[in-house]
Amino acid sequence: MDQTSSAGKPFLSDVKTLRARARQHISEGAVTPAYKGDVKQTIAVLQTVLATEIVCVLRYTAHAIAATGISSEAVKKEFAEHAREEQEHMNAVAERINQLGGKPDFNPEGLATRSASQYGEGENLVDMIKENLIAERIAVEHYRELVRYFGDDDITTRVMLEGILGVEEEHANDMHDLLVAHQGRPMLPSD
Ligand SMILES: [Fe+2]
Ligand SMILES: [Fe+2]
């Protein structure tokens, strides 16, 4: 697949690293059977989710503002709507961390390295849509894994993540449709 933006800059070339980073905490050990004593592990996983959502808020907000021109109006609206929804996710995850006795990590320092998604600016409208599509696909993949990971051991966290997952799937779908509309063809699955 073409991973190069129109300006010739590498386009999200490090998806593998992002995926590895997303899995880091869950690979450190199962949440069961010691879950009751290991809320720390859940909080660590949720801090990654929080960072991912913050990066998504920033990226969509930047894109909503950068997308200009008559043909971009619909895209701009979609980006802005996604930014709002990512902010809802951000708040829900932060609330959950707080409920578990943790302190939601909003520190901008190190944010990009805590996140499983990337802050890609995109050189043009199609690049922006692609950046978002890839970020959404990583989020969907990551959250599916987390839903399985929490299973019946932390139902509240799992149900929250299932809700977020459903919205991320819609986001990925929206970005896919926009890409087809603006580029005329879908992007091949990334690997
Ligand atoms: Fe989100
Ligand atoms: Fe999303």
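The legends below accompany close-up views of a predicted model.

**View 1. Overall fold of the protein chain.** The protein chain contains six helices and zero strands, giving the pattern α-α-α-α-α-α when read along the sequence. Of its 191 residues, 48% count as buried, and the chain exposes about 9,500 Å², of which carbon and sulfur atoms supply 52%. Among contacts with a separation of 6 or more, 78% are made by residues 24 or more positions apart.

View 2. Distant parts of the chain are linked by the pair Glu 136, in helix H5 (residues 125–150), and Glu 168, in helix H6 (residues 155–183), which are 32 residues apart. Glu 136 counts as buried because its relative accessibility is 0%, and Glu 168 is likewise buried, with a relative accessible area of 1%.

**View 3. The two iron ions and Glu 86.** The iron ion (ligand 2) and the iron ion (ligand 1) are 3.9 Å apart, and Glu 86 coordinates both.

**View 4. Confidence along the protein chain.** The mean pLDDT of the protein chain is 83, and 78% of the residues score at least 70. Confidence is highest in helix H3 (residues 73–99), at a mean of 96, and lowest in helix H1 (residues 15–23), at 66. Over residues 1–13 the pLDDT is below 50, although this stretch has 29 contacts in the model beyond near neighbours in sequence. Where pLDDT is low, predicted coordinates should not be read in detail.

Note on methods: Residues are numbered from 1 along each chain as its sequence is written. Chains are lettered from A and ligands numbered from 1 in the order in which they are written. This is a predicted model: local features need pLDDT of at least 70, side-chain atom pairs count only at pLDDT 80 or more; totals for chains, interfaces and linings use all residues. Side-chain values use heavy atoms; hydrogens and water are left out. Donors are N, O and S atoms within 2.8 Å of the metal (3.2 Å for Na, K and Ca); water is not among the atoms, so sites may look incomplete. Helices (H or I, at least four residues) and strands (E, at least two) are DSSP runs, numbered from the N terminus. Buried means under 20% relative accessible area, exposed over 50%, partly exposed in between (1.4 Å probe, protein chains only). pLDDT is the predictor's confidence in each residue, from 0 to 100. Contact means heavy atoms within 4.5 Å. Accessible areas come from the Shrake-Rupley method with a 1.4 Å probe; for residues, only the protein chains shown count as cover.
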